[in-house]
Structures are given as structure tokens and as C-alpha cells.
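Please look over the chain and its fold before reading on. The report below takes the architecture first and the details after.

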Amino acid sequence: MTARELPVLDQPEVAACCAPLVAEVLAEPDAELLANQFAALADPVRLRLLSLLATAEGGAVCACDVVEPVGRSQATVSFHLGKLVAAGLAVSEKRGRNVWYAVNRSALEALRAALATR
């Protein structure tokens, strides 16, 4: 039996939500979006998971493969991955019985741009 390579998860296009914080005052919807995304990053487990996704060989990783590195239960890992997906910082795809996750690089770039100084 030959192994086949799985494709990397589709990455949604994300435009920067707003101008850098130092350029102009945030509109209410932009502030809510950024607050939601930064809140998702404010948990050490989620930040570690995002780092694991961002450095994953091949661009995607099975949820089952990040349980041991973060030292949490499968249910806890799934909960935190769901929060990252809900915030738009990660994407997921069901493949058979497993769910694969990848970092949403465009969303991370939009966050970086929001924090950029002139």
C-alpha cells in the first residue's frame, strides 16, 4: 500500500481589519474583532497550540498529535483549538475520524499589521 500526501488546509483570505493602532482611532467593530482575536491568544495553552500549528511540517497537524506536546486532555485541546478557529486564527478540516488544523497566516499577519508602528 502506498502512502498519499494530504493537502494543506485551504486558507481563507483575510484582509487587515483596520489601520495600525498608532495611525487612527479604532472603529467599534474593528476593536471588537481585535479584542476577540487577542483574547484567544491570551491563554498559554492556546498560544502554545498556535505555535505548534504554525511550525507544523506540511502546514497542518492532526488534533491527536498536539495532545501530548501541550500536556492536556484531548477534550481540553479540542476546546482550545475550537476557540482559535472561532477567532479566525486557525482553520480546521475533518479527515475521516480526525480533525486537522492549520494556522491562518493571513489572520496573524492582520494582527501584526494592527500592532505595527508607523
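## Basis of the report

This is a predicted model: local features need pLDDT of at least 70, side-chain atom pairs count only at pLDDT 80 or more, and totals for chains, interfaces and linings use all residues. Residues are numbered from 1 along each chain as its sequence is written, and side-chain values use heavy atoms, leaving out hydrogens and water.

## Overall fold

The protein chain has five helices and three strands. Helices (H or I, at least four residues) and strands (E, at least two) are DSSP runs, numbered from the N terminus. Along the sequence, the pattern is α-α-β-α-α-β-β-α.

Of the 118 residues in the protein chain, 32% are buried. Buried means under 20% relative accessible area, exposed means over 50%, and partly exposed lies in between (1.4 Å probe, protein chains only). A contact means heavy atoms within 4.5 Å. Among contacts with a separation of 6 or more, 62% come from residues 24 or more positions apart.

## The sheet

Three strands make an open sheet, ordered E1-E3-E2, with antiparallel pairing. Strands E1 (61–62) and E2 (90–95) are the edges, and each pairs on one side only. Two strands pair if DSSP finds at least two bridges between them.

E2 and E3 (residues 98–103) run antiparallel and are joined by six bridges. Val91 sits opposite Ala102 in E3. E2 and E3 form a hairpin with two residues between them. Gly96, in the turn, has a positive phi of about 65 degrees. In a regular strand, side chains alternate between the two faces of the sheet.

Helix H4 (residues 74–86) lies across E2 and E3, at about 120 degrees to E2. Axes are lines fitted to C-alpha atoms, for helices over the stretch in contact, and angles run from 0 to 180 degrees between N-to-C directions.

H4 also meets H2. Their axes come within 10 Å and cross at roughly 75 degrees. H2 is therefore roughly perpendicular to H4. Angles of 65 to 115 degrees count as roughly perpendicular, under 35 as roughly parallel, over 145 as roughly antiparallel, and the rest as oblique. From H2, Val45, Arg46, Leu49, Leu50 and Leu53 meet Val77, Phe79, His80, Leu81, Lys83 and Leu84 in H4. This contact of H2 with H4 has eight nonpolar, one polar and two charged residues. Ala, Val, Leu, Ile, Met, Phe, Trp, Tyr, Cys and Pro count as nonpolar; Asp, Glu, Lys and Arg count as charged; the others, Gly among them, count as polar.

Leu47 is found in helix H2 (residues 44–54). Leu47 counts as partly exposed because its relative accessibility is 45%. The C-alpha atoms of Leu47 and His80 are separated by 9.5 Å, with the two residues 33 apart along the chain.

## H1 against H5

The axes of helix H1 (residues 28–41) and helix H5 (residues 105–115) come within 11 Å. They cross at roughly 110 degrees, so H1 and H5 are roughly perpendicular to each other.

Leu34, Gln37, Phe38 and Leu41 in H1 meet Ala107, Leu111, Ala114 and Leu115 in H5. The contact of H1 with H5 divides into seven nonpolar residues, one polar and no charged.

## Cysteines

How many disulfides does the structure hold? The count is zero. A disulfide is a pair of cysteine sulfur atoms within 2.5 Å.

Cys62 counts as buried because its relative accessibility is 3%. Cys64 is partly exposed, with a relative accessible area of 40%.
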